[in-house]
Amino acid sequence: MGSQENEIVLYTNRRCPWAHRAHIALDELKVPFKEVTIDLDTPRTQEYLAINPRGLVPSISFNGEIYTESAVVSWLLADAFPSGKLVLPSSAAGGPQQRARIAFFVDTYFSKFQGGLMKLFGAKTDEEQEPIITEAVDKLVKEIEPLLKNAKPFFGGSSHITQAEVLTGSFVIRLVSLTKVGIYPAKLSSSIAERAPNFWKWAEAVAAHPSVTGIYDEEKIIASTKARIAKARAS
Ligand SMILES: N[C@@H](CCC(=O)N[C@@H](CS)C(=O)NCC(=O)O)C(=O)O
């Protein structure tokens, strides 16, 4: 499980949206790495707990040192391989401002939208879903839609994926793909498309991007999400 000096090792599980962030970053930056899959269905081994005492994925070994937490890992990669593609260096003109805007966008995505959306999985009936959808879309319209008005098609008018998409893309592809197959109610996507068109256009571009689709196994994610919903509804 160990790494050689200078070799990047990503400890991951491809079904995990947090780990997926690191895959998107590595793909975009064209950085070679060794992938080690951590079995999340069984207790973590002592060997992995020595790498990440929290037992979570992702973790990364970089220059012989371990870094954990997907946001930390993604920023480390963007800064260690500064192509300027994902994000400008903080020393570049406009860099601090771009980084601040991306940080605000990502914080808003998770604090104002993603958490509320997850409540849908706990809803036991269609009636219970209604207010959850309304609240999630209201927040999307108020908080996120304005931040994507200049997306072209990506964040901040970028024609290529940025660090904003690295950090949200794995969740966005799940939203788009699970909506398509009816796991998220049709009312959610029709309401988003109507009330937050900037967001929906951006989301569809993100969900179709090769760095985001790369490790996404739609069939497996659909099956595991269905199982999760069935468990929540039965409890
Ligand atoms: N805050 C962490 C969350 C990572 C996380 O929750 N990973 C899940 C898989 S999606 C995990 O490793 N779960 C293992 C467990 O809870 O035992 C991050 O951003 O890296």
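# Notebook: helix contacts, sheet and loops

I began with the contact of two helices. From α6, the residues E165, T168, G169, V172, I173, L175, V176 and T179 meet F199, W200, W202, A203, E204, V206 and A207 of α8. Contact here means heavy atoms within 4.5 Å. By class, this contact of α6 with α8 holds 10 nonpolar, 3 polar and 2 charged residues. Ala, Val, Leu, Ile, Met, Phe, Trp, Tyr, Cys and Pro count as nonpolar, Asp, Glu, Lys and Arg as charged, and the others, Gly among them, as polar.

I noted the ground rules next. This is a predicted model, where local features need pLDDT of at least 70 and side-chain atom pairs count only at pLDDT 80 or more, while totals for chains, interfaces and linings use all residues. Residues are numbered from 1 along each chain as its sequence is written, and side-chain values use heavy atoms, with hydrogens and water left out. Helices (H or I, at least four residues) and strands (E, at least two) are DSSP runs, numbered from the N terminus.

**Helix angle**

I looked up how α6 and α8 lie. Helix α6 covers residues 163–180 and helix α8 covers residues 197–208. Their axes come within 8 Å and cross at roughly 100°. The two helices are therefore roughly perpendicular to each other. For angles, under 35 degrees counts as roughly parallel, over 145 as roughly antiparallel, 65 to 115 as roughly perpendicular and the rest as oblique. Axes are lines fitted to C-alpha atoms, for helices over the stretch in contact, and angles run from 0 to 180 degrees between N-to-C directions.

**The sheet**

I followed the strands. In what order do the 4 strands of the open sheet stand? The order is β2-β1-β3-β4, and the pairing is mixed. Strands β2 (34–37) and β4 are at the edges with a single partner strand each, so one side of each has no neighbour in the sheet. From one strand to the next, the twist averages 20°. Two strands pair if DSSP finds at least two bridges between them. Helix α1 (residues 17–29) lies across β1 (9–12) and β2. It runs at about 150° to β1.

Strand β3 (residues 59–62) and strand β4 (residues 65–68) pair in the antiparallel sense over 4 bridges. I60 stands opposite Y67. S61 has I66 as its bridge partner. N63 has 43% relative accessibility, so N63 counts as partly exposed. Buried means under 20% relative accessible area, exposed over 50%, and partly exposed in between (1.4 Å probe, protein chains only).

I moved on along the chain. E69 lies in the loop between β4 and α3 (70–80). Its phi is near 80°, a positive value in a residue other than glycine. E69 is partly exposed at 36% relative accessible area. In α3, I found S70, V73, S74, L76, L77 and A78 buried. What covers these residues includes α1, β3, β4 and α6.

**Cis bonds**

I checked two prolines. The peptide bond from V57 to P58 is cis, with omega near 5°. P58 sits in the loop between α2 (46–51) and β3. The bond from K152 to P153 is also cis, with omega near -5°. P153 lies in the loop between α5 and α6.

**Two side chains**

Is Q98 buried or exposed? Q98 is buried, with a relative accessible area of 19%. Q98 belongs to helix α4 (residues 95–118). Its side chain reaches the backbone nitrogen of L88 at 2.7 Å. Beyond its neighbours within four places in sequence, Q98 is in contact with L86, V87 and L88.

E128 belongs to helix α5 (residues 126–144). E128 is partly exposed, at a relative accessible area of 38%. A polar atom of the E128 side chain lies 3.0 Å from the backbone nitrogen of K124. Not counting residues up to four places away in sequence, E128 touches G122 and A123.

Methods
Polar contact = N/O pair within 3.5 Å; in protein donor to acceptor, adjacent residues only side chain to side chain.
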